[in-house]
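My entries follow in the order of the search.

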Amino acid sequence: MGESARSLALAALVRIDHEGAYANLVLPAMLSRSTLSDADRRFATELVYGTTRMRRACDALVDRFVMSEPDATTRTLLRLGAYQLAFAKVAPHAAVSATVDLASRKTSGFVNAVLRKVSTKDMVWGSEATRLSYPDWITELFARECGDEAVEALERMNRAPSVTTRDDGYVQDESSQWVAAAVGATSGETVLDVCAGPGGKATALVASGARVIGADLQPSRAGLVAKNAERLGRRLPVVVSDASQPAFAPRAFDRVLVDAPCSGLGALRRRADARWRITESDLDDLVSIQRRALAASAELVRPGGALVYSVCTITAAESIEHAVPDGFDVVGRDGDDFFPPLGAEWRPFGHGHRVLPHHADTDGMVIIRYRRRKGA
Ligand SMILES: C[S@@+](CC[C@H](N)C(=O)[O-])C[C@H]1O[C@@H](n2cnc3c(N)ncnc32)[C@H](O)[C@@H]1O
């Protein structure tokens, strides 16, 4: 049988489900080798990312009718079929028959029987976490962190992200554009982005006319900053440097941005498989990296200068629970003579501000802006 959107999706999903492949690496690689039409590429993309996000819900739909665990490929094929039936609005007949066509001769009768039942029997979800298709710990964490808004935030991250493109052609989520604008960099200032890879915010900062330096711990990420700056025709020197032990002189910068490595729990719609990879204990490691990066970066800010901390997550532990650096004041939503005001999408969150995915159809983010006292 020739290649189809579904056969490509199945091949990608088998690698993601059972070989640990990253969805956002394996799918583009397969698409680049394929001869599918644009419409089929879009469909294959929706199938791969959607089935990956909704894996737990798809398994629950299927497991009602499965008595013993099928082989790995059949498990993935059943997920793919259930996704089309329950979430992709594919007509039941087409979803079942086109999915059964991908089954082996030995399993096609079984796949057909299970998917037909999935398509006709109403579902009673065992839990909210299953219905929403997240690990229990993420659902519980959102309930603690976002209260009444948790379900809406989680539901929004089950949808494909909206694509926003800057005036210069760089594709960047709107929330990241807001963070770059909130740094308030102006012409002639010297600005450091200590966690710059792949360069989205750093290249936006250069547009302000400030002299910007990008730094990143990982040489490959620093390389991406340089590549993106070159592509956009922006002057942006890049340094490989650890934000917790920075290779820069103290008090040398007007503004420092710490767009810290984080759990990414606000951006789960962007990385379909991330929810199945990240663990609660990863958060503890990230929190200590963030604390050290924030404290060390504060040293680089000149008296009267700006320190901005941002993360694409929604947790207090990764943001507002970090200590305010000594000698710094927190600047609120209205800004001051040095910071522009924040948009209304940013809701107060402790001493910082947070946007949740469903507020404005962006990634979830936290931002905290500090200013070093003149005499400090
Ligand atoms: C959230 S991403 C930054 C995104 C970037 N600011 C943008 O807008 O495109 C975090 C970055 O921090 C880098 N990183 C992780 N630990 C670091 C450290 N100790 N020092 C500097 N960079 C670090 C990662 O390699 C990653 O590129």
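This is a predicted model: local features need pLDDT of at least 70, side-chain atom pairs count only at pLDDT 80 or more; totals for chains, interfaces and linings use all residues.

I began with the contact of helix 5 with helix 6: Leu 77, Gly 81, Gln 84 and Leu 85 of helix 5 meet Pro 92, Ala 95, Val 96 and Thr 99 of helix 6. I sorted the residues of this contact into five nonpolar, three polar and no charged.

I then looked up the geometry of the pair. I noted their crossing as right-handed.

Next I turned to the largest nonpolar core, which has 42 residues; Leu 80 and Val 118 touch the most other members. Helix 1 (5–19) gives two or more residues to this core, as do helices including helix 5 (72–86) and helix 7 (108–120). The largest share, eight residues, comes from helix 1. For Leu 80, I listed contacts beyond four places in sequence, among them Ala 9, Leu 10, Leu 13, Leu 47 and Leu 102.

Last, I checked the backbone. Most residues other than glycine have a negative phi, and most peptide bonds are trans. I found phi of Ser 133 near 65°, in the loop between helix 8 and helix 9; Ser 133 is buried, at 0% relative accessibility. Arg 251 also has a positive phi, about 60°, and is partly exposed at 42% relative accessible area. I recorded the peptide bond from Gly 197 to Pro 198 as cis, with omega near 5°. Pro 198 is in the loop between strand 1 and helix 12.

Methods
Residues are numbered from 1 along each chain as its sequence is written. Side-chain values use heavy atoms; hydrogens and water are left out. A nonpolar core is a set of buried Ala, Val, Leu, Ile, Met, Phe, Trp, Tyr and Cys residues joined through side-chain atoms within 4.5 Å. Buried means under 20% relative accessible area, exposed over 50%, partly exposed in between (1.4 Å probe, protein chains only). Helices (H or I, at least four residues) and strands (E, at least two) are DSSP runs, numbered from the N terminus. Contact means heavy atoms within 4.5 Å. A crossing is left-handed if the near helix is turned anticlockwise from the far one by less than a right angle, and right-handed if clockwise. Ala, Val, Leu, Ile, Met, Phe, Trp, Tyr, Cys and Pro count as nonpolar, Asp, Glu, Lys and Arg as charged, and the others, Gly among them, as polar.
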